[in-house]
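User: I'd like to learn how to read a structure like this one. Could you walk me through it, feature by feature?

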Amino acid sequence: MESRYDMEELKLPVIADKTELYRCLTEQVKSIVGAEKNIIANMANVSAAIRQAFGFLWVGFYLCDNDEELVLGPFQGTVACCRIKFGRGVCGTAWKLQRSVIVDDVDKFPGHIACSSYSKSEIVVPVFRNSKVIAVLDIDSDRLNAFDSIDKTALENMVKIIVND
Ligand code: SME
């Protein structure tokens, strides 16, 4: 039967290495975002897609609300803090440094903001529009050392798709 919807469910390989899973996911995210310009809608779908693919503890976005703080945006996971100051926590640090930050062990990151006691490692990737950080993608894992340069490269590529100018 023909679907009433334009979009089908994510199709992800059962056995795949991380690089292959990201490749597969990125292709589908491109198609899900399509011509959609609304960044909130795109962030919502990308959060859901990444969490479904990898089963991370928390996946979501914080948006630059002004020049001083981030505010919680679309996410998948348990409730989280609403506002993070520029330069604070992993998210505020990635914003300040304007680059991705990987934290192998959150207990060893000075100023880490704990939204869940289950979070063990984290990656934060800035989202740029016209060379300015407008948001960050934050992913928490319940495992130590969950993120490496493969995640960094793939996620930096993924966040470019949602800024559909
Ligand atoms: N750990 C983040 C705060 C956000 S939660 O992880 C969802 C940080 O240190 O910036």
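User: Where is the place of Asn 145?

Analyst: Asn 145 sits in the loop between strand 6 and helix 4 (149-162). Helices (H or I, at least four residues) and strands (E, at least two) are DSSP runs, numbered from the N terminus. This is a predicted model, where local features need pLDDT of at least 70, side-chain atom pairs count only at pLDDT 80 or more, and totals for chains, interfaces and linings use all residues. Residues are numbered from 1 along each chain as its sequence is written, and side-chain values use heavy atoms, with hydrogens and water left out.

User: What should I look for in the phi of Asn 145?

Analyst: Most residues other than glycine have a negative phi. Asn 145 isn't a glycine, yet its phi is positive, about 55 degrees. Gln 98, also not a glycine, has a positive phi of about 55 degrees. Gln 98 is found in the loop between helix 3 and strand 4.

User: Is Gln 98 buried, exposed or partly exposed, and why?

Analyst: Buried means under 20% relative accessible area, exposed over 50%, partly exposed in between (1.4 Å probe, protein chains only). Gln 98 counts as partly exposed because its relative accessibility is 44%. His 112 counts as buried, because its value is 19%. You'll find His 112 in the loop between strand 4 (101-103) and strand 5 (121-129).

User: Now the ligand: which residues come nearest?

Analyst: A residue is near a molecule if one of its heavy atoms lies within 4 Å of it. There are 13 residues around the ligand, and Val 90, Cys 91, Ile 113, Glu 122 and Asp 140 come nearest. By class, that shell has 8 nonpolar, 2 polar and 3 charged residues. Here Ala, Val, Leu, Ile, Met, Phe, Trp, Tyr, Cys and Pro count as nonpolar, Asp, Glu, Lys and Arg as charged, and the others, Gly among them, as polar.

User: Which N or O atoms lie 2.9 Å from an oxygen atom of the ligand?

Analyst: One is a backbone N or O atom of Val 90; another belongs to the side chain of Asp 140. On the Glu 122 side chain, an N or O atom is 3.0 Å from a nitrogen atom of the ligand.

User: How much of the ligand's accessible area does the protein cover?

Analyst: The protein covers 100% of the 300 Å² that the ligand has on its own (Shrake-Rupley method, 1.4 Å probe).

User: Which elements give two or more residues to the shell?

Analyst: Those are strand 1 (58-64), helix 3 (89-97) and strand 6 (132-141). Helix 3 gives the largest share, 3 residues.

Methods
Polar contact = N/O pair within 3.5 Å; in protein donor to acceptor, adjacent residues only side chain to side chain.
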